[in-house]
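Reader: I would like to learn how to read a ligand site. Could you walk me through one?

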Amino acid sequence: MERQDDKSALATIAARIAAAARLADRKPGDVTLVAVSKTQGPEAIEPLLAAGQRVFGENRVQEAAAKWPDLRARYPDVVLHLVGQLQSNKAEEAVAQFDAIHSVDRSSLVKALGAAIGKTGRRPDCFVQVNIGEEEQKGGCAIADLPALLAQARDAGLSVVGLMAVPPAGVEAAPYFALLAKLARDHGLVELSMGMSDDLETAVMLGATQVRVGTALFGARGTAA
Ligand SMILES: *Cc1c(COP(=O)(O)O)cnc(C)c1O
């Protein structure tokens, strides 16, 4: 994908979200764009901040800690989401740093996050990540374990706002998005974190409230611009 200038890259994504929302009789404003800035340096992030983007996603606690304090000092209204796997021993740092955590997926992590919330007094929005394609190596809780994990998370004081999933690669994502949406409805959860650069329209049409977009905003990761 060609790298556009940052304002037009943002406008293109906003237009894609709006078009899909209209088709599904939804309001474009009900979908939050999380700009996934993992592996991107401040020089790539700054132009998006200057263009008005405020919600960003990172997949590693350490990387975010190195990059964001300086940027946040200049843009205090930034909202930072953790979209990657989280180790329990980094729970406190994650709670201190992030406003939302999309990867709550197991009992030990719920415990660690509950303790971190108690200690720091911070209470980020939490999404329970579901292994929606029941894939061996993938993060996310098994669908069968979701009710118990949600109950445990609420008991532990987490603010659970919704569900998150990354569907299997290489197959049509729609059935997986639809299943995640059904699970969220069944559990009375309003937020749905699903859809990335290549499938955000499908996700929005099926109810996504947060789309996590990296490549379509920043260009391919790990290649020189
Ligand atoms: C990297 C990443 C994204 C963004 O993916 P793109 O295909 O670059 O848009 C979204 N969600 C998660 C969990 C990611 O790790």
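Author: Gladly; we will go from the pocket to the ligand and its contacts. This is a predicted model, in which local features need pLDDT of at least 70, side-chain atom pairs count only at pLDDT 80 or more, and totals for chains, interfaces and linings use all residues. Residues are numbered from 1 along each chain as its sequence is written, and side-chain values use heavy atoms, with hydrogens and water left out.

Reader: Where does the ligand sit?

Author: A molecule sits in a pocket if more than half of its atoms lie within 2 Å of the pocket's grid points. Here the ligand sits in the largest pocket, which holds about 540 Å³ of space.

Reader: Which residues lie nearest the centre of that pocket?

Author: They are K38, V166, M196, R212 and R221, out of 26 lining residues.

Reader: Which residues are around the ligand itself?

Author: A residue is near a molecule if one of its heavy atoms lies within 4 Å of it. Around this ligand are V36, K38, V83, M164, M196, S197, R212, V213, G214, T215 and R221.

Reader: How do I read the polar contacts?

Author: A polar contact is a pair of N or O atoms within 3.5 Å. In this model, ligand oxygen atoms lie 2.4 Å from a polar side-chain atom of T215 and 2.5 Å from a side-chain N or O atom of S197. A ligand nitrogen is 2.9 Å from an N or O atom in the R212 side chain.

Reader: How much of the ligand does the protein bury?

Author: Accessible areas come from the Shrake-Rupley method with a 1.4 Å probe. The ligand alone exposes 390 Å², and the protein buries 87% of that.

How values were computed:
A polar contact is a pair of N or O atoms within 3.5 Å; within protein, one must be able to donate a hydrogen and the other to accept it, and residues adjacent in sequence count only if both atoms are side-chain atoms. On a 1 Å grid over the protein atoms alone, a cavity is a set of points where a 1.4 Å probe fits but cannot get out, and a pocket is an open set with protein on both sides within 12 Å along at least five of seven lines; lining residues have an atom within 4 Å of a point. Grid points are joined across faces, edges and corners, and a volume is the space filled by probe spheres set on the points.
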